[in-house]
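Welcome! Take a moment to look through the sequence and the model, and then read the short briefing that goes with them.

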Amino acid sequence: MRLRFSRLLTAGLLVSAWGAQAAPAVSEPPAPGAPTAAPAIVLANHRAVYDLSLAEGSGTRSVESARGRIVIDFRGDACRGYTMLTRQVTELSSGESGTRLSDMRSTTFEGGEGREFRFKTTTLTNNQAAAPVDGTASEQGDALTVKLKGGPKPFTVAGPVLFPSEHMRRLIDAARAGQSTVSVKVYDGSDDGKKVYDTFAVIGHTATGPAPAADGARDKPLRDGPLAGMPHWPVRLSYYTEGAGERTPIYTLGFDLYENGVSGALKLDYGDFAIRGDMTALDIDAKAGRGDKDSGKGCTP
């Protein structure tokens, strides 16, 4: 089983620059009583490290211990698009099936307007290499077309379908607007690259200040750094296979979504066991993202 934290971390995929970049250029103040436009969502360049462990109180015996690490490097802007490099090493131990060590490396590129997506993933499981997943996807509003290298002919599914960075933007937009749910289709090239997921997010109330935690040492870069006072929302995001009617989610990801797109307090629930992710390092490039800032005036190379 491949853990899927990366698709939410585009955020990882997927981080805006409010707390880390220079202030936008000064413009004329709005007229008295005029509505103030919400600031644009700017995804900032960053590198984040999360340590993985078995979630306490999961009530499961299928996995007796878990450990691992995710490292994400996210670069780009709305003009040039977004590139994310992910490495995820996970070790799961079970009395029934023994120890399983997975080492996944993924590279993705998403166009700034969310219309194109390229991906390549290689995975080692107990030092045995699986066939790489390498392909492209394009979204034209009413349909998504996926082409996989070395695979069958391209396939098309009904849209609209969001790619990871655009999905994160949608969640932030909804949270800012006070919406409590978001339901969209998402494609991220994960697993064998042939799956589009139905997703359903439940968004909690806005919080400010450091997120409460029983373990005060958890997510220290978020609790003690410049993001400590940033608005954030608890989110519970469920992934489903495509279909209709009542379905059980494949897995559910819980996390705190910060206004800048950073995610903390991660918990990935597979039903019979759950994994938590603790952010141990966060580096944001405060000089990047100029294309995002200027996007309202037209993108420049």
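Here is a briefing on confidence and on some backbone features.

This is a predicted model, in which local features need pLDDT of at least 70, side-chain atom pairs count only at pLDDT 80 or more, and totals for chains, interfaces and linings use all residues. Residues are numbered from 1 along each chain as its sequence is written, and side-chain values use heavy atoms, with hydrogens and water left out.

**Confidence**
- The protein chain has an average pLDDT (the predictor's confidence in each residue, from 0 to 100) of 79, and 77% of the residues score at least 70.
- In residues 1-31 the pLDDT is below 50, and this stretch has 123 contacts (heavy atoms within 4.5 Å) in the model beyond near neighbours in sequence.
- Residues 291-298 also have a pLDDT below 50, with 11 such contacts.
- Where pLDDT is low, the predicted coordinates should not be read in detail.

**Backbone features**
- Most residues other than glycine have a negative phi, and most peptide bonds are trans.
- Helices (H or I, at least four residues) and strands (E, at least two) are DSSP runs, numbered from the N terminus.
- The peptide bond from Gly159 to Pro160 is cis, with omega near 0°; Pro160 sits in the loop between β10 (155-158) and α1 (164-176).
- Asn126, in the loop between β6 (116-125) and β7 (128-129), has a positive phi near 50°.
- Asp219, in the loop between β12 (197-203) and α2 (220-224), has a positive phi near 50°.

**Buried or exposed**
- Buried means under 20% relative accessible area, exposed over 50%, and partly exposed in between (1.4 Å probe, protein chains only).
- Asn126 counts as partly exposed because its relative accessibility is 40%.
- Asp219 counts as buried because its relative accessibility is 6%.
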